[in-house]
Amino acid sequence: MASPKRKKLELVCPAGSVPMMRAAVEGGADSVYCGLQDETNARNFPGLNLEAADLPAAVRWTREKGGKLLLAINTFARAGNTAAWQKAVDSAARSRVNAIIAADLGVLAYAHSVWPDLRLHLSVQAAAGTPQAIAFYAQAYGVKRVVLPRVLSVEEIARLTKSVDVEIEAFVYGGLCVMAEGRCALSSYATPGSPNLTGVCSPPESVSFTEAHGTMTSRLGEFAIDHHAANEPAGYPTLCKGRFVLDEKPSYLFEDPVSLNAMDMLAGLRRAGVTAVKVEGRQRGKAYVSRVARAFRLAIDALEAGEPTAPYADLLTDLAEGRRETSGAYKKSWR
Amino acid sequence: MVLPSPPTWLFQPVMAPLSAMLTASVRRLATERPEVFRRLGRFQQAAFLICPTDLPFAFKLTPLTQQGAIKVVGAADREAYSVRISGTFMTLLGLFDGTIDADSSFFAGHIKMDGATDAALALHNALEAAELGPGDILGLPSPLKPVFDKMFAGLYTRARHGVA
């Protein structure tokens with residue numbers, strides 16, 4: 001089983017474009033993750049992402065800076081039409097990316113059999129949060145790192161890392177997904193897109209905002225999902241963050257529009273045996289990643305020097321969805 | 001103190017030449033940086049109405065590569081659009097050059113969108129990836145662009161942070 005890991009926490013940041021990749025690394029990221037401009041990528045938004053032809057130069061640039069480039073091929077391949085996913089794996093391996101991040105059994109099996117030297121990370125989309133599930137992925141496909149679903153407390157992560165023999169990566173900043181990741185059907189119920197199959201949660205072509213009498217209404221497909229007053233902070237127009245009326249009282253039934261910020265959990269996560277901490281938000285852009293990478297770089301370096309991370313805790317509040325932050329399940333007290 | 005926006009008629013004489021200059025820049029960009037337009041995909045056909053809320057005029061961008069155009073219109077003109085993006089001039093400029101985070105500006109109500117959200121997103125993502133500077137928009141010769149962009153960035157930072 002895993003021995004206590006005392007290595008410096010690896011900071012993994014998002015890159016939706018080459019300039020964003022540079023901003024992340026220059027801000028202090030140890031690794032960046034990106035995706036291709038197709039349905040193999042769970043952030044398949046218009047105008048975003050890299051072309052396969054960009055990968056070799058992006059890998060070279062990242063290595064020259066001492067960093068690593070990871071490619072997310074993290075949607076679920078369609079039955080009878082797996083060519084795009086296989087092609088993405090081939091491009092990743094030929095470009096010598098440091099690892100691919102995948103969730104689908106078929107994608108993992110293909111990568112493991114065709115490119116045995118390609119390092120595999122298990123995506124959060126696989127929602128693997130038990131020793132048995134993680135052991136299966138490690139034994140069957142040689143997975144070296146698992147990105148945990150955002151539903152575990154720090155104590156639960158500590159118990160988990162002691163019973164598995166792979167690296168553990170945990171989200172520390174960005175948008176939250178309250179559902180069982182990789183299994184949410186809310187978006188595909190309301191729109192033609194699916195985060196799991198076509199790579200888009202709440203596809204922008206189904207999102208609209210209309211303003212009337214000082215109130216902004218956000219809609220997803222046919223559904224009005226929230227009303228905001230002019231000075232009220234807004235969140236992403238996803239069904240899980242919609243405000244619904246129950247017993248004549250409007251409330252966020254599934255999840256409040258808030259962002260995860262677990263900066264004050266870094267020491268606990270390191271003690272729990274976490275290898276890498278991850279920032280969400282490939283769709284956010286270089287201004288976002290530059291600030292988040294810098295803030296977490298300062299905090300991780302402070303942690304390594306035995307200093308408090310508290311001075312950096314409030315650096316990112318204005319970037320948060322709805323302008324509010326949460327430590328999510330890490331400090332879970334309700335279970 | 002916020003000064004009132006000057007009247008549109010004051011700018012009428014410069015609108016046509018400004019439109020011609022900006023249109024020439026877009027078409028030049030289509031030749032020099034085709035990948036920017038490729039990223040826009042089907043939204044090359046879209047009409048983007050960019051409305052600085054503190055100016056008496058707006059910009060209507062229709063990318064369409066070689067036939068692309070930027071038309072300077074009055075803020076109150078009724079122009080057809082696929083998506084209208086509004087915010088202060090400085091906020092819109094920050095979104096253009098990637099120094100302002102679009103999502104947090106939107107969460108905070110600093111920018112507003114009306115119409116095709118996917119078109120706005122595609123434009124933002126294409127501009128982010130392109131790393132264009134003000135020199136590109138004004139169509140300056142390549143050797144002058146870095147100097148101009150640096151000078152402009154300095155002025156812009158001072159203006160945004162209220163430094164006189």
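Start at Leu11(A), which sits opposite Val277(A) of strand β14(A). Keep in mind as you look that this is a predicted model. The strand that pairs with β14(A) here is β1 of chain A, residues 10-14, and the two run parallel, joined by 3 bridges. Now look across to another partner: β7 of chain A, residues 167-175, also runs parallel to β14(A), this time with 4 bridges. One pair to pick out there is Tyr173(A), whose bridge partner in β14(A) is Val279(A).

So what about the side chains of β14(A) itself? The strand spans residues 276-279 of chain A. Ala276(A) and Lys278(A) point one way, while Val277(A) and Val279(A) point the other. Are these residues buried or exposed? All of them are buried, Lys278(A) included.

Staying in chain A, turn to a pair of helices. Two packed helices are described by the angle between their axes and the distance between the axes. For α1(A), residues 18-27, and α9(A), residues 286-304, the angle is about 20 degrees and the axes are 8 Å apart. Since angles under 35 degrees count as roughly parallel, that is why α1(A) is roughly parallel to α9(A). The crossing of α1(A) past α9(A) is right-handed. On the α1(A) side, the contact is made by Pro19(A), Met20(A), Ala23(A), Ala24(A) and Gly27(A). From α9(A) come Lys286(A), Val289(A), Ser290(A), Ala293(A), Arg294(A) and Arg297(A). Sorted by class, the contact has 6 nonpolar, 2 polar and 3 charged residues.

Next, hop over to chain B and find Leu49(B), in strand β1 of that chain, residues 48-52. Why does Leu49(B) count as buried? Because it has 21 C-beta neighbours inside 10 Å, and the cut-off is 20 or more. Setting aside neighbours within four places in sequence, Leu49(B) is in contact with Ala58(B), Lys60(B), Glu79(B), Tyr81(B) and Arg84(B). Phe59(B) is 10 residues away from Leu49(B) in sequence, with 5.8 Å between their C-alpha atoms.

Finally, see how the two chains meet. The contact takes 30 residues from chain A and 27 from chain B. On the chain B side, at least two residues each come from α2 (34-40), α4 (102-107), β5 (112-115) and α5 (117-130). Which element gives the largest share of that side? It's α5(B), with 8 residues. By class, the side of chain B that touches chain A has 12 nonpolar, 7 polar and 8 charged residues.

Key: Residues numbered from 1 in each chain as written. Chains lettered and ligands numbered in written order. Predicted model: local features only at pLDDT ≥ 70, side-chain atom pairs only at ≥ 80, totals over all residues. Contact = placed C-beta atoms within 7 Å. Nonpolar A, V, L, I, M, F, W, Y, C, P; charged D, E, K, R; others polar. Buried ≥ 20, exposed ≤ 12 C-beta atoms within 10 Å, placed from the backbone. Pairing = 2+ DSSP bridges. Axes fitted to C-alpha atoms, helices over the stretch in contact; angles between N-to-C directions. Parallel < 35°, antiparallel > 145°, perpendicular 65-115°, else oblique. Left-handed = near helix turned anticlockwise from the far one by under 90°.
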